Amino acid sequence: MPKSKIKVPEISLNHPQNYFNRELSWLEFNNRVLHEAIDPRTPLLERLKFMAIFSSNLDEYFMVRVAALRQQVEAGVTKLTPDGRNPSEQLAIISQRLRPLVVQQHRHFEQALRPQLAAHGIHILDYVDLNQEQRKYLHSYFEAQIFPVLTPLAIDPSHPFPYISNLSLNLAVVLKEPDSGEELFARVKVPKTLPRFIPLPEELRQQQKGHAAIWTGVPLEQAIAHNLEYLFPGMNIQEYHPFRITRNADLAVEEDEADDLLLAIEQELRKRRVGGSAVRMEIHASTPEVVRGMLMEELELSESDVYEVDSLLAMVDLMSFMELPLPELKDPAWSPVIPHRLRRASEFNVESSKVDGEEREDFFSVIRHRDLMLHHPYHSFVGTVQTFITQAAFDPKVLAIKMTLYRTSGDSPILNDLIAAAENGKQVAVLVELKARFDEENNINWAKKLEQAGVHVVYGLVGLKTHTKIVLVVRREEDRIRRYVHVGTGNYNPKTARIYTDIGLLSCREDLGADLTDLFNYLTGYSRQRSYRQLMVAPVNLRDRFLALINRETQNCQAGGMGKIVAKMNSLIDPQIINTLYEASRAGVQIDLIIRGMCCLRPGVEGISDNIRVVSIVGRFLEHSRIYYFFNQGAEEVYIGSADWMQRNLDRRVEAIAPVIDPEISKDLQEVLGIMLADNRQAWDLKPDGRYIQRSPVDQSKEQSAQKILMEMALQS
């Protein structure tokens, strides 16, 4: 009798238990940021920096993510996320997970960082700890520098509760009328126009071994609080309590109904300055219930929206201490290098075509020879990408420059070069993404300047953010037109390029140039290009191409071959991509994911994701590059570009991913991925239960920091 086949039970890859919650995954990322502030191996001032980044990240998280969830709750939305939670449940679990992190942050600042800073001559004092001479100085400073700026606001039947602006630090002041004994309430806003921490002069600093400390001072709000009698003369000051408000700050632009997108966003920005509904209140733990309750009622907040702290509010302002001239308390200084092939070409002089009497080699001749990979901040952005655009702006053979602009600095030399190019008679077109969150105002200002200089400015496509990072330079050479391109993973911002890791590809391959021409026509005109020679473009074909590349590895394994995927990105959220990776893992594909931030994929689950490993690297540089590797039966393929594996990148943004054809560059990028995967200093492994465990050297093995190794390699190149 033939044996009957045993039916293997089907596994539902879409089951909620196979997905991590997006919001909780982000909190785990910010927890890794907080760890850098706590880790004693991090230099002291860098630990303060990470404290500030942790707070800044939370501000944006509440202004955007928590605000959106609150709006969904108010609108009655009950839609479940892939992990099976509705908006109300997500808000509840965010509060539950976040509160211990906030307590940990403030406790560590008070119990560890403040004493360690003092031991190194940096004294962040409380006003009550000042001696008489120090108080006398601050009293005079208050009268001359602070008092004229302040505006106390009474709250009573004739003075309604004032509007509390977004991210403002305030004092809730309780007063008593001396004649009637009536208790009154007022609000004093701590002005952002003044330094948050007031330094004392050298002669009044704390003394250490007979010498003045490096820095001694107090928080601005305490100097105000201890001089409130100047604001309320004749009143009895009972008590004061600092508090801080976070409001919904996401823009809501109806693009279909906006005749002028620039005008519509300018109007929304004015609303943002005021802010939407309050979504969080931070208060000192000593605030009495009557004050706390009054603030909650006026701001329409519930108990779950209130976060108590036992230390300084608005720790984002701790970033200012990075300006202290104390290199021994910071990471070793890093000066990005110019790749060897570009060193002579980077010695660009607008006035001369020669260097040291010899004909100058330009970027175009270097790129014509072979494609070139740039890796920032190990490679200089100013000496590579910025100089490439500068040369294009002043080269008489260049006919046109086209580029996309998502985020840039307020004093961007690149945009000044584009203005110069237009003034030099070149055809210049720039797609400015006005909807780049929290950079809208900067981008509007640049858009206006560019237009005034004769640059063709386009604001993107309705319903889509243009997130791709591309430059196209069209140049007349002898009897032909040649196109030079830059495809990158990061913004054209020389400031962030010093602290974000990003990959860039410089090429004059004809297929890439033709693809970028088609893509710019899609962005600026009515082109509905559906196919590209080399580029993968969202929302056109990027999702389908990525799914096909993953499925190819699956099919190769199923056919008895080997399958391997290594992908580095900021976030992995998209359920379809995750599901397809699960299927690949089940087929035997070995998958390594290097994901800095949010990851909703659950690795290491038996029968589903046994072959998937997830690592996150958090260090001095923000990991921002996107690199995708597919084994392809030994004919390895590597891609770089602007897109993460998120729904917004695949479906609601214009993104471009380019293949790396040059075998040497492909090997270099594979080496970068290998170095990241071998990190045992800043790397964290994601476990099946959602915990991240930081790696450490095993036994006597050497500590390997990927970022440190890449700096050393850049110096040797």
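These are my notebook entries on what I looked up in a predicted model of one protein.

**Entry 1. Confidence**

I began with the confidence of the prediction. The protein averages a pLDDT of 90, and 91% of the residues score at least 70. Where pLDDT is low, the predicted coordinates should not be read in detail.

**Entry 2. A sheet of three strands**

I looked up an open sheet whose three strands follow the order β1-β8-β5, with mixed pairing. β1 (122–124) and β5 (197–199) stand at the edges with a single partner strand each, so one side of each has no neighbour in the sheet. From one strand to the next, the twist averages 30 degrees. I followed the contact of β1 with β8 (residues 215–219): the two run parallel and are joined by three bridges. Within this pair, I122 stands opposite W215 of β8.

**Entry 3. A sheet of six strands**

I next looked up an open sheet of six strands, also recorded with mixed pairing, in the order β2-β4-β3-β9-β10-β11. Its edge strands are β2 (152–155) and β11 (306–309), each of which pairs on one side only. The twist here averages 30 degrees from one strand to the next. Inside the sheet, β3 (residues 169–176) pairs with β9 (residues 236–247) in the antiparallel sense, over eight bridges. I noted L171 with its bridge partner P242 in β9. Helix α7 (residues 289–299) packs on this sheet and touches β3, β4 (183–189), β9, β10 (278–284) and β11. The direction of α7 makes about 165 degrees with that of β10.

**Entry 4. Strand β16 and its partners**

Is β16 largely enclosed or left open by the rest of the structure? I found that five of the six residues of β16 (residues 427–432) are buried, so the strand is largely enclosed by the rest of the structure. I then listed its pairings. With β15 (residues 398–405), β16 pairs in the parallel sense over six bridges; there, M403 has V430 of β16 as its bridge partner. With β17 (residues 456–458), β16 pairs in the parallel sense over three bridges, and L431 has V458 of β17 as its bridge partner.

I located H376 in strand β14 (residues 372–376). Its relative accessibility is 5%, and a residue under 20% is called buried, so H376 counts as buried. Which residues does H376 touch, leaving aside those up to four places away in sequence? I recorded F381, T384, V385, A497, Y500, T501 and D502. The side chain of H376 also reaches the backbone oxygen of H379 at 2.9 Å. The peptide bond from H376 to P377 is cis, with omega near 5 degrees. P377 itself belongs to the loop between β14 and α9 (382–394).

**Entry 5. Other backbone exceptions**

Most residues other than glycine have a negative phi, and most peptide bonds are trans. With this in mind I looked up further exceptions. The bond from A538 to P539 is cis, with omega near 5 degrees; P539 lies in the loop between β22 (536–538) and α13. A314, which is not a glycine, has a positive phi of about 55 degrees. I found A314 in the loop between β11 and β12 (354–355), and it counts as buried at 8% relative accessibility. N632 likewise has a positive phi, near 55 degrees. N632 sits in the loop between β27 (627–630) and β28 (637–641), and it counts as buried at 14% relative accessibility.

**Entry 6. Helices α13 and α14**

How do α13 and α14 pack? I noted an angle of about 10 degrees between α13 (residues 542–558) and α14 (residues 575–587), with the axes 8 Å apart. The two helices are therefore roughly parallel to each other. Residues of α13 in the contact include F546, L547 and I550, while those of α14 include I577, T580 and L581.

V615 has D685 of β30 as its bridge partner. β30 also pairs with β31 (residues 692–694), antiparallel and over three bridges, and W684 stands opposite Q694 in β31. Five residues separate the strands in the hairpin of β30 and β31, where G690 takes a positive phi near 95 degrees.

Definitions and conventions
Residues numbered from 1 in each chain as written. Predicted model: local features only at pLDDT ≥ 70, side-chain atom pairs only at ≥ 80, totals over all residues. Heavy atoms only, no water. Pairing = 2+ DSSP bridges. Helix = DSSP H or I, 4+ residues; strand = E, 2+ residues; numbered from the N terminus. Axes fitted to C-alpha atoms, helices over the stretch in contact; angles between N-to-C directions. pLDDT = per-residue confidence, 0-100. Buried < 20%, exposed > 50% of the residue type's maximum accessible area, 1.4 Å probe, protein only. Polar contact = N/O pair within 3.5 Å; in protein donor to acceptor, adjacent residues only side chain to side chain. Contact = heavy atoms within 4.5 Å. Parallel < 35°, antiparallel > 145°, perpendicular 65-115°, else oblique.
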